[in-house]
Each structure stands twice: as structure tokens, then as C-alpha cells.
Amino acid sequence: MRAAPARGRGPRRLSPPARADLHAHTRASDGDLTPAELVRRAADLGVATLAVTDHDTLDGLPEALAAGAALGVRVIPGIEISVAVPHGMFHLLGYLPGPSPEPLASRLAGLREHRALRMERILGRLAELGAPVSMADVARHTDGTVGRPHVAAALVAAGHASSREDAFARFLADDGPAFVPHRGIGPHEAVRLVRESGGAPVLAHPGTLRLGARHLQSTVQSLRDAGLVGIEVHRPEHTPEQRDAYAAIARRLRLVPCGGSDFHGPGQRFELGDTGVPPLPPDTPDLVFRAVGEGVPSPG
Ligand code: AMP
Ligand code: ZN
Ligand code: FE
Ligand code: FE
């Protein structure tokens with residue numbers, strides 16, 4: 001049986017629709033795969049558009065972009081910035097015009113210093129709690145940015161925890177005894193930094209801000225006034241209620257509903273390309289870049 005030709009476009013393709021995933025990590029921060037391995041996995045899984053969003057570093061991007069060009073995956077250069085807030089966890093995604101946009105690239109060196117100081121404080125707390133690990137133990141688990149997942153791996157290796165989940169549950173979770181908040185850049189400043197660098201700032205996993213519905217909307221509104229263009233809606237762990245609540249905020253505030261798997265490695269919580277139900281619309285990157293190009297509040 002012949003497929004009917006779609007208007008002016010040649011034969012209709014029978015392959016599954018192209019998928020997009022706008023949130024994924026590599027060994028440049030706390031992912032388990034190298035950037036090239038991540039892009040290869042995207043190609044194998046039919047993820048045609050992939051944003052690489054490591055924590056506080058751009059270091060994985062050149063390799064990811066080269067792999068994308070070789071394998072036919074549209075790689076969007078990105079970052080996930082750790083933002084200083086008094087409670088909860090605030091991560092700002094930035095979708096970028098290239099692998100090393102300024103002033104963002106220069107600013108990151110300072111943020112990494114804050115990260116290293118914070119890590120020392122986390123290790124100090126762990127020693128007090130009777131679970132000592134050294135900086136070398138932690139750094140062994142990454143090619144780049146050190147973070148709590150690497151501490152979790154070091155705690156397991158040292159026998160202080162039975163699994164990474166156990167390490168988070170007992171020590172490292174946002175309300176755990178060894179948690180130390182990020183310092184270095186505030187929410188509005190981070191949004192403006194991404195905009196000044198020609199990028200599209202998007203609020204990651206709004207639930208980890210731990211705000212009630214009304215407070216969340218007013219917070220997101222003030223971020224939008226600073227230049228935010230999107231908010232994560234499509235994430236595999238979102239309940240239907242969360243998805244609908246964040247979609248409603250996006251609609252009310254005219255933000256692009258974004259999302260991704262937040263893939264960290266094979267066998268971890270979610271597979272690359274899993275963006276929940278319904279999945280992330282594949283034209284989302286075009287919408288966020290259009291929002292930056294057109295009339296949304298520019299950094300002031
Ligand atoms: P950090 O940047 O050092 O604060 O680490 C943040 C990362 O830790 C997140 O991106 C997740 O990969 C991981 N993470 C945070 N909370 C948990 C948790 N409760 N269980 C497992 N991993 C977590
Ligand atoms: Zn992470
Ligand atoms: Fe995050
Ligand atoms: Fe992430």
C-alpha cells in the first residue's frame with residue numbers, strides 16, 4: 001500500500017513523530033554519559049532535538065554540538081544555573097545562541113568558586129555527622145562541575161550510605177542535615193544574565209521552589225518581568241495536577257510551556273526523551289527563541 005503524499009512535502013513519513021527533550025545532563029556536571037554518548041543515545045531513541053543543560057558549566061557543549069552535527073540531532077546549547085534562594089532549590093535553564101555566549105561564559109568561573117566553597121561546607125557537615133568523605137573522593141565521579149550526586153556516590157563508595165537514594169534521604173536532600181544552599185547569583189540577576197547573553201531563560205522544575213500556588217505565580221511573574229520566557233511543564237515526574245497548574249501559570253503569564261526528562265544516566269530515574277504525558281511539543285525551542293527575539297521584556 002502506498003502512503004498518500006502529504007501536500008507538497010513528498011511521501012508522508014510513517015516513522016514516529018520527532019521528539020524533543022530540552023533538559024539533560026552529561027559528565028560535564030552530574031550526568032553519567034559523555035556529551036557524545038548522550039547525543040548518540042538521543043539519535044538511537046529518536047530524540048531529534050536535544051538541549052544539553054549541565055549545571056553551571058558550558059564545558060560539554062562543543063562535543064555535544066559536534067556529535068549532533070555528525071548524527072543528525074539538533075543540539076540546543078544550554079545550561080542549568082544554580083540560583084541562590086533561602087529555601088528549596090531554584091534552577092534556571094538557559095537556551096543559548098552558541099556554546100560560549102558572553103557575559104555568561106565569563107561569569108561562570110565565579111559561580112564555580114561558590115560551588116567549590118559550598119562543597120567544602122557540605123563535606124564539613126558530613127564529617128560532623130560521622131560520614132566523612134574527601135574532596136578527592138567526590139571529584140572522582142565527575143569530569144567537571146561537582147555536585148551533590150557526586151557526594152552521594154562518594155558516600156556509597158565509603159560505606160556511609162547503601163545507595164545514592166539513601167545518601168540523599170539521610171544527608172543531602174534539600175531539607176537534609178548536610179544540605180548547604182547555593183550562593184553566587186540571585187533569581188532576577190540569573191534571568192538577566194541569560195538574556196544579556198542572547199539566551200532564553202526558563203524556570204526548571206517549579207515544584208522545587210516549594211511555594212504555594214499563589215506565591216509561585218507572583219514569583220514567576222516577577223521573573224517574567226526580568227525576562228523569563230518559559231517554565232517547565234512537561235516533566236516525567238509531574239503529576240497531572242502539577243502539569244496543569246504549571247501550564248495554567250504559563251498561559252496566564254504568556255510563558256512558553258517547556259520541559260524535558262532531566263536525564264542523568266542510563267538506569268537512573270527517567271529515560272532520555274521521556275517528557276511525560278502529553279510529551280513536549282517538538283517546536284518548543286523555536287517558541288522560546290522567538291520569545292527572546294520579539295517583544296518580551298528585555299533585560300533592564
Ligand atoms: P546540586 O547542584 O549540588 O545542588 O545538586 C543538584 C542535583 O542533585 C539535582 O540536579 C539532582 O540531580 C540531584 N538531586 C537533588 N535532590 C535529589 C534527591 N532527593 N534525590 C536524588 N537526586 C537529587
Ligand atoms: Zn543534576
Ligand atoms: Fe535541576
Ligand atoms: Fe537538571
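Visitor: Is His55 buried or exposed in this model?
Guide: The model is predicted, so local features need pLDDT of at least 70 and side-chain atom pairs 80 or more, whereas totals for chains, interfaces and linings use all residues. Residues are numbered from 1 along each chain as written, chains are lettered from A and ligands numbered from 1 in written order, and side-chain values use heavy atoms, without hydrogens and water. The relative accessible area of His55 is 8%, against a limit of under 20% for buried, over 50% for exposed and partly exposed in between (1.4 Å probe, protein chains only). His55 is therefore buried.

Visitor: Which protein residues are donors of the zinc ion (ligand 2)?
Guide: Donors are N, O and S atoms within 2.8 Å of the metal (3.2 Å for Na, K and Ca); water is not among the atoms, so sites may look incomplete. The protein donors lie 2.1 to 2.6 Å from the zinc ion (ligand 2), and their residues follow the spacing D-x24-H-x208-H.

Visitor: What is the relative accessibility of His264?
Guide: His264 counts as buried because its relative accessibility is 18%.

Visitor: Which residues coordinate the iron ion (ligand 4)?
Guide: The spacing of its donors along the chain is H-x1-H-x54-E-x181-D. Both Glu80 and Asp262 are buried. At 2.1 to 2.3 Å, the iron ion (ligand 4) is coordinated by His23 (NE2), His25 (NE2), Glu80 (OE) and Asp262 (OD).

Visitor: How many Å separate the iron ion (ligand 4) from the zinc ion (ligand 2)?
Guide: The zinc ion (ligand 2) also lies 5.5 Å from the iron ion (ligand 3). For the iron ion (ligand 4) and the zinc ion (ligand 2), the separation is 4.4 Å.
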